[in-house]
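Please consult the sequence and the three-dimensional structure shown here. The report that accompanies them is arranged by topic.

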Amino acid sequence: QLQLVESGGGLVQPGGSLRLSCAASGFTLDDYTIGWFRQAPGKEREGVSCINSGDGSTYYADSVQGRFTISRDNAKNTVYLQMNSLKPEDTAVYSCAAQWDPFALATGEPKADEYNTWGQGTQVTVSS
């Protein structure tokens, strides 16, 4: 009944841009910390970015700092990940997730074991 649905992935050339969307149903995204994660074949899942409820503070992994931007549109109950200057090493399945504890505010890049509800993932491929 509670769902997160990602969209916006696809194939893009190096240096290009994509905007991923994470739309919630059954709950209000603004009540929770929302994280973006990615996983490439044969690698561990990596925390990419997150946005806190309340103050809306944001955090990024060093690998995407300055290139990616996380944002939230409360009217649409959607969190976005704008990805610019994409590199081949950004290729992965990207997933969004919600952290249900309202007092567990993020203080750095997100950790997967702290999140409770997950979307299905969307493939991002950066290649010539």
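Predicted model: local features only at pLDDT ≥ 70, side-chain atom pairs only at ≥ 80, totals over all residues.

## Cysteines

One disulfide is found when the whole structure is searched. The bond is formed by Cys22 and Cys96, whose sulfur atoms lie 2.1 Å apart. The torsion about this S-S bond is about 75°, so the disulfide is right-handed. Distant parts of the chain are linked by the pair, with Cys22 in strand 3 (residues 18-25) and Cys96 in strand 9 (residues 92-99), 74 residues apart. Both Cys22 and Cys96 are buried.

Cys50 is a separate case. The closest cysteine sulfur to that of Cys50 belongs to Cys22, and because the distance is 13 Å, it is too far for a bond. The cut-off applied to a disulfide is 2.5 Å between sulfur atoms. With a relative accessibility of 0%, Cys50 counts as buried.

Strand 1 pairs with strand 3 in the antiparallel sense, over five bridges. Within this pairing, Glu6 has Cys22 of strand 3 as its bridge partner. Cys22 is also one of the two cysteines of the disulfide.

## Strand 9 and its neighbours

Strand 9, which carries Cys96, is mostly covered, with seven of its eight residues buried. Strand 4 (residues 33-39) runs antiparallel to strand 9 and is joined to it by seven bridges. Here Thr33 has Gln99 of strand 9 as its bridge partner.

Strand 9 is also joined to strand 11 (residues 122-126), again in the antiparallel sense, by three bridges. Tyr94 stands opposite Thr122 of strand 11. With strand 10 (residues 117-118), strand 9 forms an antiparallel pairing over two bridges. In that pairing, the bridge partner of Ala97 is Trp118 in strand 10.

## Residues in loops

Which side chain is joined to that of Arg67 by a polar contact of 2.8 Å? The partner is the side chain of Asp90. Arg67 itself is placed in the loop between strand 6 (58-60) and strand 7 (68-73). Although it belongs to a loop, Arg67 counts as buried, because its relative accessibility is 10% and the limit for a buried residue is under 20%.

Asp31 is found in the loop between strand 3 and strand 4. Its relative accessibility is 43%, so Asp31 counts as partly exposed. Asp31 and Trp100 are 69 residues apart in sequence, while their C-alpha atoms are 8.2 Å apart in space.

## The largest pocket

The volume of the largest pocket is about 180 Å³. It is lined by 13 residues, of which Arg38, Ala40, Lys43, Glu46 and Glu89 are the closest to its centre.

How many residues of each class make up the lining of the largest pocket? Eight are charged, three are polar and two are nonpolar.

Terms used
Residues numbered from 1 in each chain as written. Heavy atoms only, no water. Helix = DSSP H or I, 4+ residues; strand = E, 2+ residues; numbered from the N terminus. Buried < 20%, exposed > 50% of the residue type's maximum accessible area, 1.4 Å probe, protein only. 1 Å grid on protein atoms, 1.4 Å probe; cavity = no way out; pocket = protein on both sides within 12 Å on 5 of 7 lines; lining within 4 Å. Points joined across faces, edges and corners; volume = space filled by probe spheres on them. Nonpolar A, V, L, I, M, F, W, Y, C, P; charged D, E, K, R; others polar. Pairing = 2+ DSSP bridges. Polar contact = N/O pair within 3.5 Å; in protein donor to acceptor, adjacent residues only side chain to side chain.
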